[in-house]
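Trainee: May we go through this structure together? I would like to learn how to describe it.

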Amino acid sequence: MAVVQVSVLGPIRVDGGRVALSPRDRVVLAALAARLGEDLRAEEIADALWGDAPPASWSKVVPGCIMRLRRAL
């Protein structure tokens with residue numbers, strides 16, 4: 001398994017290089033980093049993004065965020 005170092009305090013860096021992310025994608029990355037090694041359901045990511053008031057489109061937005069993160073990382 002490859003090891004990837006992600007720094008999320010200050011500028012986001014992956015393996016020492018800066019990564020540009022939207023504010024929404026930063027929240028998703030922070031939620032994933034806070035629960036490192038655990039499974040995180042889409043509903044939990046939606047809660048991190050919008051709290052108790054997710055938009056009707058949340059089930060399409062969350063996978064889009066994950067796709068962009070995978071591409072960026």
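Mentor: What follows is a conversation about a predicted model.

Trainee: Which secondary structure does the protein have, and how many helices and strands are there?

Mentor: The protein has 3 helices and 3 strands. Starting at the N terminus, the order of the elements is β-β-β-α-α-α.

Trainee: How much of the protein counts as buried?

Mentor: Of its 73 residues, 23% count as buried. The accessible surface of the protein is about 5,200 Å², and carbon and sulfur atoms account for 55% of that surface.

Trainee: Let us turn to the helices. How does one describe two packed helices?

Mentor: One gives the angle between their axes and the distance between the axes.

Trainee: At what angle do α1 and α3 pack, then?

Mentor: Helix α1, residues 23-34, and helix α3, residues 58-72, pack at about 80°, and their axes are 10 Å apart. Angles of 65 to 115 degrees count as roughly perpendicular, so α1 is roughly perpendicular to α3.

Trainee: Which residues make that contact?

Mentor: From α1 the contact uses Arg 24, Asp 25, Val 28, Leu 29 and Leu 32, and from α3 it uses Val 61, Cys 65, Ile 66, Arg 68 and Leu 69. The residues of this contact of α1 with α3 comprise 7 nonpolar, no polar and 3 charged.

Trainee: What about α2 and α3, at what angle do their axes cross?

Mentor: The axes of α2 and α3 cross at roughly 95° and come within 10 Å. These two helices are therefore roughly perpendicular to each other. On the α2 side the contact is made by Ala 42, Glu 43, Ile 45, Ala 46, Leu 49 and Trp 50, and on the α3 side by Trp 58, Val 61, Val 62 and Ile 66. The residues of this contact of α2 with α3 divide into 9 nonpolar, no polar and 1 charged.

Trainee: Where do nonpolar side chains tend to be in soluble globular proteins?

Mentor: They tend to be buried together.

Trainee: And here, which residues touch the most other members of the largest nonpolar core?

Mentor: The largest nonpolar core has 14 residues, and Leu 21, Val 28 and Ile 45 touch the most other members. At least two residues of this core come from each of α1, α2 (42-50) and α3. Helix α3 gives the largest share, with 4 residues.

Trainee: What is Leu 21 in contact with, leaving aside neighbours within four places in sequence?

Mentor: Leu 21 is in contact with Ile 12, Arg 26, Leu 29, Leu 69 and Ala 72.

Trainee: A change of topic: the loops. Where does Leu 9 lie, and is Leu 9 buried or exposed?

Mentor: Leu 9 is in the loop between β1 (6-7) and β2 (13-14). Its relative accessibility is 80%, so Leu 9 counts as exposed. The C-alpha atoms of Leu 9 and Ala 30 are 9.4 Å apart in space, while the two residues are 21 residues apart in sequence.

Trainee: And Val 19, is that residue buried or exposed?

Mentor: Val 19, in the loop between β3 (17-18) and α1, is buried, because its relative accessible area is 13% and buried means under 20%. Its C-alpha atom is separated by 10.0 Å from that of Ser 7, 12 residues apart along the chain.

Terms used: Residues are numbered from 1 along each chain as its sequence is written. This is a predicted model: local features need pLDDT of at least 70, side-chain atom pairs count only at pLDDT 80 or more; totals for chains, interfaces and linings use all residues. Side-chain values use heavy atoms; hydrogens and water are left out. Axes are lines fitted to C-alpha atoms, for helices over the stretch in contact, and angles run from 0 to 180 degrees between N-to-C directions. Angles under 35 degrees count as roughly parallel, over 145 as roughly antiparallel, 65 to 115 as roughly perpendicular and the rest as oblique. Contact means heavy atoms within 4.5 Å. Ala, Val, Leu, Ile, Met, Phe, Trp, Tyr, Cys and Pro count as nonpolar, Asp, Glu, Lys and Arg as charged, and the others, Gly among them, as polar. Buried means under 20% relative accessible area, exposed over 50%, partly exposed in between (1.4 Å probe, protein chains only). Accessible areas come from the Shrake-Rupley method with a 1.4 Å probe; for residues, only the protein chains shown count as cover. A nonpolar core is a set of buried Ala, Val, Leu, Ile, Met, Phe, Trp, Tyr and Cys residues joined through side-chain atoms within 4.5 Å.
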